[in-house]
Amino acid sequence: MYMTKVFVLLLFVSFYKVSFSQENKEKCNIEPFEVFTEDNDDFSNIRADPQGTIILKLNNKHSYGYMLNVIDMKDGWMKINTVTGVDGIDISNFEGWIHNSIVGATVTHDVRVYDKPNSKNMVGELIGEQHTFKIKEAYCEWIKIECKSLVGWVKSEQICGNPVTTCP
């Protein structure tokens with residue numbers, strides 16, 4: 001009888017670990033989203049690879065800002081495929097990388113911030129059009145943001161990547 005209970009317990013634990021590990025290893029493509037440059041330097045560098053060769057320099061001195069379409073993230077770097085300048089510049093059909101420390105985003109409407117993707121555990125709220133935040137990670141359609149002391153996850157469709165106007 002004792003051996004049967006141990007066997008059932010081991011079976012349950014092994015099943016739980018397998019199903020839990022598969023759930024955490026779910027791979028998905030991130031939902032593309034926009035951010036804007038928020039760089040105090042004269043130029044923002046776009047690179048061929050994370051930490052790689054500079055392929056494009058965005059002139060921050062003579063522009064009102066740039067919007068970047070993010071299609072992937074890796075170790076603090078954002079892969080982009082479009083640069084749109086507030087002053088009319090449009091560069092598309094390329095791929096490059098920019099570091100997440102020199103870009104930001106905001107929200108247009110009040111947005112709840114959660115402890116993890118697909119969670120119901122709210123850790124705070126962003127009030128629309130009040131704060132710029134940094135993007136730390138992306139997972140499927142979720143974005144991990146940091147705004148002052150608030151760190152958590154929001155849906156990518158809720159962020160605004162336009163530096164001079166509100167998004168719809």
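Select C28 to begin: at 27% relative accessibility, C28 counts as partly exposed, a class that lies between buried (under 20% relative accessible area) and exposed (over 50%), computed with a 1.4 Å probe on protein chains only. The model is predicted, so local features need pLDDT of at least 70 and side-chain atom pairs count only at pLDDT 80 or more, whereas totals for chains, interfaces and linings use all residues. Residues are numbered from 1 along each chain as its sequence is written, and side-chain values use heavy atoms, with hydrogens and water left out.

**The disulfides**

C28 and C140 form a disulfide, with their sulfur atoms 1.6 Å apart; the term denotes a pair of cysteine sulfur atoms within 2.5 Å. The link of C28 and C140 is left-handed, with -105° about the S-S bond. This pair links distant parts of the chain, 112 residues apart: C28 lies in the loop between α1 (2–24) and β1 (33–37), and C140 in the loop between β11 and β12. Helices (H or I, at least four residues) and strands (E, at least two) are DSSP runs numbered from the N terminus.

Remain at C140. C140 is buried, with a relative accessible area of 9%.

Next, select C160 and C167. A disulfide joins these two cysteines, C160 and C167, with an S to S distance of 2.0 Å. With 75° about the S-S bond, the link of C160 and C167 is right-handed. C160 counts as buried, at 1% relative accessibility. The count comes to two disulfides, and they follow the pattern 1-2, 3-4, with bonded cysteines counted along the chain.

A further cysteine to select is C147, which is buried, with a relative accessible area of 6%.

Move to N118, in the loop between β9 and β10 (122–126). N118 has a positive phi of about 60° although it is not a glycine. Is N118 buried or exposed? N118 is exposed, with a relative accessible area of 57%.

**The aromatic pair**

Select Y114 and W142. The structure holds one aromatic pair. Y114 and W142 form this pair, which is edge-to-face, with 6.2 Å centre to centre and 85° between the planes. Rings of Phe, Tyr and Trp (its six-membered ring) pair if their centres lie within 6.5 Å; planes under 30 degrees apart count as stacked, over 60 as edge-to-face and the rest as tilted. The pair links distant parts of the chain, 28 residues apart, with Y114 in strand β9 (residues 111–114) and W142 in strand β12 (residues 142–147). Both Y114 and W142 are buried.

**The largest nonpolar core**

Finally, select F33, V35, L68, F133 and I135. Of the 29 residues in the largest nonpolar core, these five, F33, V35, L68, F133 and I135, touch the most other members. Such a core is a set of buried Ala, Val, Leu, Ile, Met, Phe, Trp, Tyr and Cys residues joined through side-chain atoms within 4.5 Å.

Which elements give two or more residues to this core? They are β1, β4 (66–74), β5 (77–85), β6 (90–99), β9, β12 and β13 (150–155). β4 gives the most to this core, with four residues.

Centre the view on V35. Not counting residues up to four places away in sequence, V35 touches Y66, M67, L68, V70, M78, V103, G104, A105, I135 and G161; contact here means heavy atoms within 4.5 Å.
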